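Hi,

Here is the structure I said I would pass on.

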Amino acid sequence: MKFVQVHTFYSKYLDWFYSRNPELQRLPYNQQIECLLGDGFSALHIIAPQMKSVGYDSSFIIANCMHSQLMWARENSLNLSNTRDLLYQIVRFQLNSIKPEVVYFSDPITFDSSFIRSLSTRPKVIAGWRAASIPGKTDFTEFDFMLTSDSGIRENILRHGAKECIYSLPSVPRFLFDLGGKVEKQADLVFTGQVSQEHRKRIYLLNEIAKAPLSGSREFSTEYYLSSVPENIPAGISMHNLGERWGKEMYMVLKKGRIVFNAHIDIASNEASNMRMFETLAMGSFLLTERYPNIGSLFEPGREIETYENRDDLIEKIGYYLDHEEEREEIASKGKKRCRENYCMERRAVEFDTLIKKHMNKKNTQETASRVQSGVTDEVKLRQVNEILALAYEAINNSKLNDAFELLIKGKALRLRVENLDLLRAICFIKMNDFSSARQALLEELSEFPNNKTASDLLQQFTEASGTKSNDQEFNELMSAIGPYTMLSPERLYSLYSNAKRICEENISGDFVECGVARGGSSALLAMMIKRYSRIPRKLYSLDTFEGMPEPSKEDTHAGVGAEETGWGSGTCAGSVNNLLRLCQGLGLENLVHPLKGLFQDTLPRYKNEIGEVALLHMDGDWYESTKAILDNVYDNVIPGGFIQVDDYGHWEGCRKAIEEYFKANSITVKINPIDSTGVWFLKPPAQAVSPKSVNSPLKMINIGCGSRFHGDWINMDVMPLDPAIRKIDALSGIPVETGSADVVYHSHLLEHLPKQMAPAFIAECFRVLKEGGLIRVVVPDLEQIARQYTEQLEKALKNEKGAEARYDWMMLEMFDQTVRNFPGGEMLRYWQQENIPEKEFIMKRVGSEAKWVMEAVQNNRNSRHGLNTSEETDPVKIGQFRLSGEIHQWMYDRYSLGRLLKQAGFREVRLCRADESSIPGFNSYLLDTEADGAVRKPDSLFMEAIK
């Protein structure tokens, strides 16, 4: 279902942002929107990105951002009839083109009912937001519902024609809670916001705060960041005004204050609700705001925030909390925790989804289809389920087990969560001696009805059999937390656990994807591995209908028995987005998990590009069609060598058939590794870009900038050949090889020595000489790894950890020395000349085998006369000659920038790999990136391959 949010930003902000980013207006429309969203302005109003998590195809329009809107018009070849009402013309074109089922106008004054009636097709649901004054002639009659955080204007909204008005508090997107990391407090009190004729109370209090230190009160520093015309700012306030701040800069202002002062607009109807409260708490800062009657229902004063009643109370509390730092910081911490738990955007999206479904007035959408079948309403279905329960009770009591089981199968297929339905299923399974299924049915019952004592008591009899305990204590601890929320066996869970942990520890690129979530236990397990072990940012995409299994096909059988007849057909294995989020929130994982609701056939094509590179894919789709959809849409996203686990390969025949058909159709051969009687896992094989040839027809492989590392099977090239077998070339002048003649191009620690602006031409030259299907392997210093190690050692040095200062000094050299040095060897060489090199073991691990002998040689000749001629440092001529010699680094790369460079040259299937991993046949035998003992030659490196 398509969802569009139409929003407007302050014009002053847009002017400010584009003036700072003048190149932005030339970028494509989607990139402009991404940049604006990334700056975080108005973030608490913007729900569109989060609606994807509850199953919507979501778009966001900034109606008054004419740079992006005119770019959209050009990209879509619009014939704009005149320039008088461009704002309305383009938005009208956008909505008529997208044809959304739901439109949310967060500026319903600019876009009221007269605009809605101008659309060629009215969206099925129209919603709006308003928490300020409403001009007299505003028309809300086309709005199905309006949201407001100010209950005092609710009646006014209804008087203007809205069909319904619902109280809704602000919500905070997850990225704000972690924005900026830990920041040192720099000001005693800060305020950021507007001052105008509608903020007379605010102006009075700001002025009183400014005067307080001058009138004998405790001294404190005050910083105001005001958005206003100068004549609205009294002189006493103006002297503290440092100017308006927007977006991320505004959030960082909130973060830097020991106390953040807040005062509502004058028209606020005696209740606290403004955005600044929630933004302040999300930043982890101490909030001092007015005491309104409703404040205790939002946050606990004195524990999560603090309030003031009047001017004197305000000044007194500023002084008190500046003098009681620990108490102040504890309140700020608890306030942030409460804000994250109760006012996160994920919750609001779920609530918004519920409201939208409530107001859907047609029956042809996906959400309506999931609740209504063949025109049968939920009320009718509820009567049917209750009748089924009564008949099933009677059948069980009369020992008519098959009759009861068939009735309960029909009941589950109606997809209503009714108490005791799964309890009766469990009783049937027990009487069939299927105790594993009984346990799972009881868990389903208790996930929706946790107070069902009969189900709880019965579950105690069906604890997991012996063998669930592992020798891995960490895994056992995780099992105790997630065990009740999963149907996977301990063996399959351990497989996910160990492989996810390995991926994180080995820094293998890519996100995690789970198709088939049910109650969320395995999602929580995977997210925990990311949280504990991932060295790079990762997400877990959790996809499910969240309403139970879809209908199986004739292919979906077990031992020849149809899926419905087994009792695990339509409607079973049900979970909900709320249950998943609650489980993850309880474990502190909510920021890592991205639920996507809907059938795989619908969600995966829509989000395939957003998901991107996948390191681990967990396929728990059960059915033939579901498994096909996963493979058709996600298999290509999995990186070569990526981990794929299939939960139902040994149980459901349709699942196995879909996999075998896909592999046969795509000529894929993998080693299937059994886990238990049903689950399997395998690694995605490397892309066969280069095929091994016979001895009489060797591969044509080129090693550019080979230095002292070369092999006779390769064509070796270097600007300063160290051997007669090496060809002399200048990489910037081209590669002296015919177009389309090479199978492999390899270069290690060459690219960083080229000027950044010349790198695209050099990579394009590599592309030129390769055959179609030829492979490039590039090795460069890994800027991301170096930067992460630098920040880690910085934090440790600040905590005075033993040896951290020396490790920090070395990381500074790694980051800068080869870029800024003015003489051979630079500061690194001087570092190695020390008699006792501090943290030598740490450095040896980082520099690798090739640099170790240099370090050792420097140590052996430390006192020889062949040391540095340091006079060269100040000779401009010699400095210039040295900096053009090729030793220094001209640029640095990370996995994003290097991958982008390769893609822009035309390469495909770009992937990260390890030093000992390659699609080049027999690569490790050439000892180019590794030593004979398997040691990595240059551990600080980034290894990347791609195919022409």
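**Helix pairs, sheets and a cavity**

The crossing of H23 and H24 is right-handed (right-handed means the near helix is turned clockwise from the far one by less than a right angle, left-handed anticlockwise). Before I go on: this is a predicted model, where local features need pLDDT of at least 70, side-chain atom pairs count only at pLDDT 80 or more, and totals for chains, interfaces and linings use all residues. Residues are numbered from 1 along each chain as its sequence is written, and side-chain values use heavy atoms, with hydrogens and water left out.

Back to that pair. Helix H23 covers residues 490-505 and helix H24 residues 521-533, and they pack with axes 9 Å apart at an angle of about 25 degrees. That makes the two, H23 and H24, roughly parallel. Helices here are DSSP runs of H or I with at least four residues, strands are runs of E with at least two, and both are numbered from the N terminus. Axes are lines fitted to C-alpha atoms, for helices over the stretch in contact, and angles run from 0 to 180 degrees between N-to-C directions. Under 35 degrees counts as roughly parallel, over 145 as roughly antiparallel, 65 to 115 as roughly perpendicular, and the rest as oblique.

Two other pairs go with it. Helix H31 (residues 783-798) and helix H32 (residues 804-820) have axes that come within 8 Å and cross at roughly 150 degrees, so H31 and H32 are roughly antiparallel. Their crossing, H31 with H32, is left-handed. For helix H3 (residues 66-75) and helix H4 (residues 86-98), the axes come within 10 Å and the crossing is at roughly 50 degrees. H3 and H4 are therefore oblique to each other, and the crossing of H3 and H4 is left-handed.

Now the sheets. One is open, with 6 strands in parallel pairing, ordered S2-S1-S3-S4-S5-S6. At its edges are strand S2 (57-62) and strand S6 (165-167), each pairing on one side only. On average, neighbouring strands of this sheet are turned by 20 degrees against each other, direction ignored. Two strands count as paired if DSSP finds at least two bridges between them; strand S5 (residues 145-148) and S6 run parallel and are joined by 3. Leu147, for instance, has Ile166 in S6 as its bridge partner.

Another open sheet has 7 strands and mixed pairing, in the order S23-S22-S21-S24-S25-S27-S26. Its edge strands are S23 (727-728) and S26 (908-913). Within it, strand S25 (residues 770-781) pairs with strand S27 (residues 941-947) in the antiparallel sense over 7 bridges. Val778 has Met944 as its bridge partner in S27.

The lining of the largest cavity divides into 5 nonpolar, 1 polar and 6 charged residues. Charged means Asp, Glu, Lys and Arg; nonpolar means Ala, Val, Leu, Ile, Met, Phe, Trp, Tyr, Cys and Pro; the others, Gly among them, are polar.

Cheers
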